[in-house]
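This report describes where two ligands sit in a protein model and what surrounds them.

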Amino acid sequence: TDLPALDDAIACCRACDRLVAWRERVAVEKRAAYVGETYWGRPAPGFGPPDARIAVLGLAPAAHGANRTGRVFTGDRSGDWLFAAMHRAGLANQPTSVRADDGLRLIDARIVAAVRCAPPENKPTPAERDTCQPWLVRELALLRPTLRVVVVLGGFGWAALWPSLVALGIEIPRPRPTFGHGVEVDASGLTIVGCFHPSQQNTFTGKLTESMLDDIFRRANEIVAA
Ligand code: DU
Ligand code: SF4
């Protein structure tokens, strides 16, 4: 199987009752600003070239972001921050990502998520995280030949990544490293880099600044170039 086939399979998944109900309900009820749009209302597959050396691991689609547009981080405030930073780092051909047909291309980077369906309050349960994990494992397995760096956005993705690496037969440090911004861990030649999630919770409060985000992608580029 290849990445496009995996993307198709992910987009058809209905394994989590609660999330299927939520993603579809949001797609019908919509946000006032988007009433004229047809929401995606399905799982969001990864986005970016299949031979990327950098993976960016998020939490889950936003209800009116990827659950609306069908592309990870596209059409929400977190994405505004993320794609602008990736563009500054040379990892995206444009700084914005508002619609799935806006011409965005990622360069040497693929964005994936720990959970592929929009969860109520952006909070998947541990059971939902575990149910979705095989998709992440399969995606990382397909990226593995070229993958050098995984930038992990937030503690939820961090928690999801380690068992996924173990499932791939990748040796990880014990005890499992604690999440933090700029934390860097070597796992059998893969470098895992922690980064605060560019959600409004972090960007509004100044916990995550543009220059902090730039530092992370600069470091990822450095590792890839080494
Ligand atoms: O504030 P917001 O951009 O609407 O994002 C809501 C929430 O979802 C935030 O915690 C980030 C997360 N998120 C994500 O992990 N992946 C995405 O593609 C979009 C949003
Ligand atoms: Fe399937 Fe993942 Fe969505 Fe659950 S969260 S329904 S496992 S794609």
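## Ligand 2 and the largest cavity

Ligand 2 sits in the largest cavity of this predicted model. A molecule counts as sitting in a cavity or pocket if more than half of its atoms lie within 2 Å of its grid points. On a 1 Å grid over the protein atoms alone, a cavity is a set of points where a 1.4 Å probe fits but cannot get out, while a pocket is an open set with protein on both sides within 12 Å along at least five of seven lines; lining residues have an atom within 4 Å of a point. The structure holds one cavity of 30 Å³ or more, and the volume of the largest cavity is about 110 Å³. Of the 15 residues lining the largest cavity, Cys13, Cys16, Cys117, Cys132 and Trp135 are the closest to its centre. Two or more lining residues come from each of α2 (17–29) and α5 (126–143). Helices (H or I, at least four residues) and strands (E, at least two) are DSSP runs, numbered from the N terminus. A volume here is the space filled by probe spheres set on the grid points, which are joined across faces, edges and corners.

The lining of the largest cavity has 11 nonpolar residues, one polar and three charged. In this classification Ala, Val, Leu, Ile, Met, Phe, Trp, Tyr, Cys and Pro count as nonpolar, Asp, Glu, Lys and Arg as charged, and the others, Gly among them, as polar. Around ligand 2 (a heavy atom within 4 Å) are Cys13, Arg14, Ala15, Cys16, Leu19, Pro43, Val115, Arg116, Cys117, Thr131, Cys132 and Trp135. Nine residues of this shell are nonpolar, one is polar and two are charged. Helix α5 gives the largest share of the shell, three residues.

## Ligand 1 and the largest pocket

Ligand 1 sits in the largest pocket, which holds about 850 Å³ of space. Among the 36 residues that line the largest pocket, the closest to its centre are Leu59, Ser78, Asn122, His197 and Ser199. The elements giving two or more residues to this lining are α4 (77–88), α6 (155–167) and α7 (200–203). By class, the lining of the largest pocket has 16 nonpolar, 13 polar and seven charged residues.

The shell around ligand 1 includes Leu59, Ala60, Asp76, Arg77, Asn122, His197 and Gln200, and its classes are five nonpolar, five polar and two charged. Which atom of ligand 1 lies 2.8 Å from a backbone N or O atom of alanine 60? A nitrogen atom does. A backbone N or O atom of leucine 59 is 3.1 Å from an oxygen atom of ligand 1, and a side-chain N or O atom of glutamine 200 is 3.2 Å from an oxygen atom of the ligand. Such polar contacts are pairs of N or O atoms within 3.5 Å; within protein, one must be able to donate a hydrogen and the other to accept it, and residues adjacent in sequence count only if both atoms are side-chain atoms. Ligand 1 exposes 450 Å² when taken alone, and the protein buries 87% of that (Shrake-Rupley method, 1.4 Å probe; for residues, only the protein chains shown count as cover).

## Backbone geometry

Most residues other than glycine have a negative phi, and most peptide bonds are trans. Arginine 174 and proline 175 are joined by a cis peptide bond, with omega about -5°. Proline 175 is in the loop between α6 and β4 (184–187). Lysine 30 has a positive phi, near 60°, and lies in the loop between α2 and β1 (54–58).

## Basis of the values

Residues are numbered from 1 along each chain as its sequence is written, and chains are lettered from A and ligands numbered from 1 in the order in which they are written. In this predicted model, local features need pLDDT of at least 70, side-chain atom pairs count only at pLDDT 80 or more, and totals for chains, interfaces and linings use all residues, while side-chain values use heavy atoms, with hydrogens and water left out.
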